[in-house]
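This report describes a few parts of one structure, one topic at a time. Please look at the model below before reading on.

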Amino acid sequence: MNEGDLYADREQTLVKHFILEHYLERFAHIVGSAWDAITYVDCFAGPWNARSEHLEDSSFALALAQLRAARTNLADLKLARGRPPLELRCFFLEKDAAAFARLSEFAKDVRDAEIATKHATLEQSVDDIVAFVARRQNDAFPFVFVDPTGWTGFGLDVIEPLLKLRPGEVLVNFMTGHILRFAEHSDPAIQQSFDRLFGPIDYRARIVRLAGQDREDELVRCYCDAIRDTGGYDYVCPAIVLHPENDRTHFHLLYATRNAKGVEAFKQVEKKAMEVMEKARGEVQKRGRVHRTGQLELLGAEQMHDTRHYDALRGRHLTAARVDVEQLLVTRRVVVYDEAWITALSHPLVWDSDLKAWIAKWVKEGRLRITGMKPRERVPKREAGHQLVWRGQRRE
Ligand SMILES: C[S@@+](CC[C@H](N)C(=O)[O-])C[C@H]1O[C@@H](n2cnc3c(N)ncnc32)[C@H](O)[C@@H]1O
């Protein structure tokens, strides 16, 4: 089966898997060159709607393939340093019996990595996961994937010990579409489940007067704050995954780390994933039109795809990010480039190249000066002590 068939009618999963797979590719390379082992935890492993006979379209198989590839690629480097090959450790958790049976089948054939599986809920398993991670506390770097089907089962109180793992990174699927719909539901049980999801963050007060996209963005910011504060993360980046058939958000993938290198890798993957997403949405929507009208279209899906929603979202986040960076510069006057960089890139759909373009424009207009660059350097970069010095209004 080709990729198109594996992900037909679940293109949002294609985007999710693209981000997971390609981020792990970079993560495993960066982390694997410095650490002896990687501990990968999939808290909601599935398989879930997987079509491939060998489960290649499941998150756990995709992850393991990337970790294995990094081990192979790093073998010579490790050898040259007198280190053993990268060790891979995985903890796969699944509560559904049928899915767990398939997961176990997959796991029992794995001979080249340490695999622990558990048939239970996350609520019942956090202590086991923490103990599994702790067994290699000193030489293994953990990555935790939280990919639930709704908004229950991973309250902030439940996942707190996982968020607090140090070192550690997490990727959480925040089901924005569902959560937004029920966020102010009057049913006390639903309210309680949301209280657990957001923990101490008073999300109701923050969204109550907002509507539409403002409300969605603020809700996602609330959850980013909850993850950042609880886990003590320096950076939390949300990536938007749109519904394949229409112009609304399906979910956000929230990536949290304490290392700017991770942000750099994640943002590069997010950018590529958005191209994959828009291409897939174009194809799905074309199929829908042909089905509805019975008319074949002369132009291809890409030419016919109406990208206005995506473009408007990107425009919106670009403006918000630019305003944030300008605000930072106006208030502080002198800002280390790294801080401007993270201020911009914490917004979804905003790339490194966007920040560089604003900086170049402000420099050209005489509003900004860059200090600390070597004579031949033209653009500022991180971790180089480059500073942005705000000079105020446009100088003629
Ligand atoms: C969205 S699916 C996971 C998909 C998988 N991560 C992937 O991308 O291929 C969520 C899975 O979590 C399982 N699940 C639901 N609630 C759970 C809980 N409280 N603890 C553990 N697993 C749970 C479901 O049975 C389902 O298989």
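## Helices on the sheet

Helix α13 lies across β8 and β10 and runs at about 125° to β8. Helix α14 packs on the sheet as well, touching β8 and β10, and its direction makes about 75° with that of β8. Helices (H or I, at least four residues) and strands (E, at least two) are DSSP runs, numbered from the N terminus. Axes are lines fitted to C-alpha atoms, for helices over the stretch in contact, and angles run from 0 to 180 degrees between N-to-C directions.

This is a predicted model: local features need pLDDT of at least 70, side-chain atom pairs count only at pLDDT 80 or more, and totals for chains, interfaces and linings use all residues. Residues are numbered from 1 along each chain as its sequence is written.

## The sheet

The open sheet has three strands in the order β8-β10-β9, with antiparallel pairing (strands pair if DSSP finds at least two bridges between them). β8 (334-336) and β9 (368-371) are the edge strands, each with a single partner, so one side of each has no neighbour in the sheet. From one strand to the next, the twist averages 25°.

β9 and β10 (residues 387-390) run antiparallel and are joined by four bridges. Ile 370 has Leu 388 of β10 as its bridge partner.

## The helix pair

The axes of α13 (residues 308-332) and α14 (residues 337-345) come within 8 Å and cross at roughly 150°. Therefore α13 is roughly antiparallel to α14 (angles over 145 degrees). In contact (C-beta atoms, placed from the backbone, within 7 Å) are Ala 321, Asp 324, Val 325 and Leu 328 of α13 with Glu 339, Ala 340, Thr 343 and Ala 344 of α14.

Technical notes. Angles under 35 degrees count as roughly parallel, over 145 as roughly antiparallel, 65 to 115 as roughly perpendicular and the rest as oblique. Two residues are in contact if their C-beta atoms, placed from the backbone, lie within 7 Å.
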